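Here's a quick briefing to read alongside the structure. Keep the 3D view open and find each residue as it comes up.

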Amino acid sequence: RNMHKNPIKIGFTPIFFCATCNFPGMIVNFVNELSEPIGNQLEPNNFGIVEVQVEKPVFLERFIDIPPLGRFVMEVSRTVCGIGVIQQLNPPTSHNNLTSKTTK
């Protein structure tokens, strides 16, 4: 869910807080918007499924497997801009990046 006052666009890089770790992650794709048709941004107060790419490997769990570890909060300048659950995890690529699809 986008709780930010501005639309979230591809390339947006907030800090993700998931369980006991925090890490930067970049929005690389909007898979689906659940409240309205999606374009290249997620409007404020809308829900959607986005693909996130992290800068370094991070151990994460899907919400369906372990609910307490599958939730996250996104922050920018110490302000919450989004919340969600992890739906799918992709294995690390050869560049040591982990791409995860998340619900925002």
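This is a predicted model: local features need pLDDT of at least 70, side-chain atom pairs count only at pLDDT 80 or more; totals for chains, interfaces and linings use all residues.

Residues are numbered from 1 along each chain as its sequence is written, and side-chain values use heavy atoms, with hydrogens and water left out.

**Cysteines**

- Cysteine 18 is buried, with a relative accessible area of 3%, while cysteine 21 counts as partly exposed at 27%. (Buried means under 20% relative accessible area, exposed means over 50%, and partly exposed is in between, using a 1.4 Å probe and protein chains only.)

**Aromatic rings**

- A pair of aromatic rings is described by two things: the distance of the centres and the angle of the planes.
- Here, rings of Phe, Tyr and Trp (its six-membered ring) pair if their centres lie within 6.5 Å; planes under 30 degrees apart count as stacked, over 60 as edge-to-face, and the rest as tilted.
- How many aromatic pairs does a search of the whole structure find? It finds two.
- Phenylalanine 16 and phenylalanine 23 make a stacked pair, because their ring centres are 5.9 Å apart and their planes are at 10 degrees. Both of these residues are buried.
- Phenylalanine 16 and phenylalanine 72 have ring centres 5.5 Å apart and planes at 55 degrees, so this pair is tilted.
- Phenylalanine 16 is in strand β2 (residues 15-18) and phenylalanine 72 is in strand β6 (residues 71-76), so the pair ties together parts that are 56 residues apart in sequence. (Strands are DSSP runs of E, at least two residues long, numbered from the N terminus.)
- Phenylalanine 16 and phenylalanine 72 are both buried, and Phe16, Phe23 and Phe72 form one aromatic cluster.

**Nonpolar core**

- The largest nonpolar core has 17 residues, and Phe23, Ile27 and Met74 have the most contacts inside it. (A nonpolar core is a set of buried Ala, Val, Leu, Ile, Met, Phe, Trp, Tyr and Cys residues joined through side-chain atoms within 4.5 Å.)
- At least two residues of this core come from each of β2, β3 (21-33), β5, β6 and β7 (79-89).

**Charged residues**

- Side chains of opposite charge can pair when their charged atoms come close.
- The whole structure has one salt bridge, meaning a side-chain nitrogen of Lys or Arg within 4 Å of a carboxyl oxygen of Asp or Glu.
- Aspartate 65 forms a salt bridge with arginine 62, with the closest N and O atoms 2.9 Å apart.
- Aspartate 65 counts as partly exposed at 45% relative accessibility, and arginine 62 is partly exposed at 32%.
- Glutamate 61, in the loop between β5 and β6, is buried yet has no salt bridge. The nearest side chain of opposite charge, arginine 62, is 6.7 Å away. (Lys and Arg count as positive and Asp and Glu as negative; His and the chain ends are not counted.)

**A loop residue**

- Asparagine 45 lies in the loop between β4 (41-42) and β5 (48-54), and counts as partly exposed at 49% relative accessibility.

Definitions and conventions. Helices (H or I, at least four residues) and strands (E, at least two) are DSSP runs, numbered from the N terminus.
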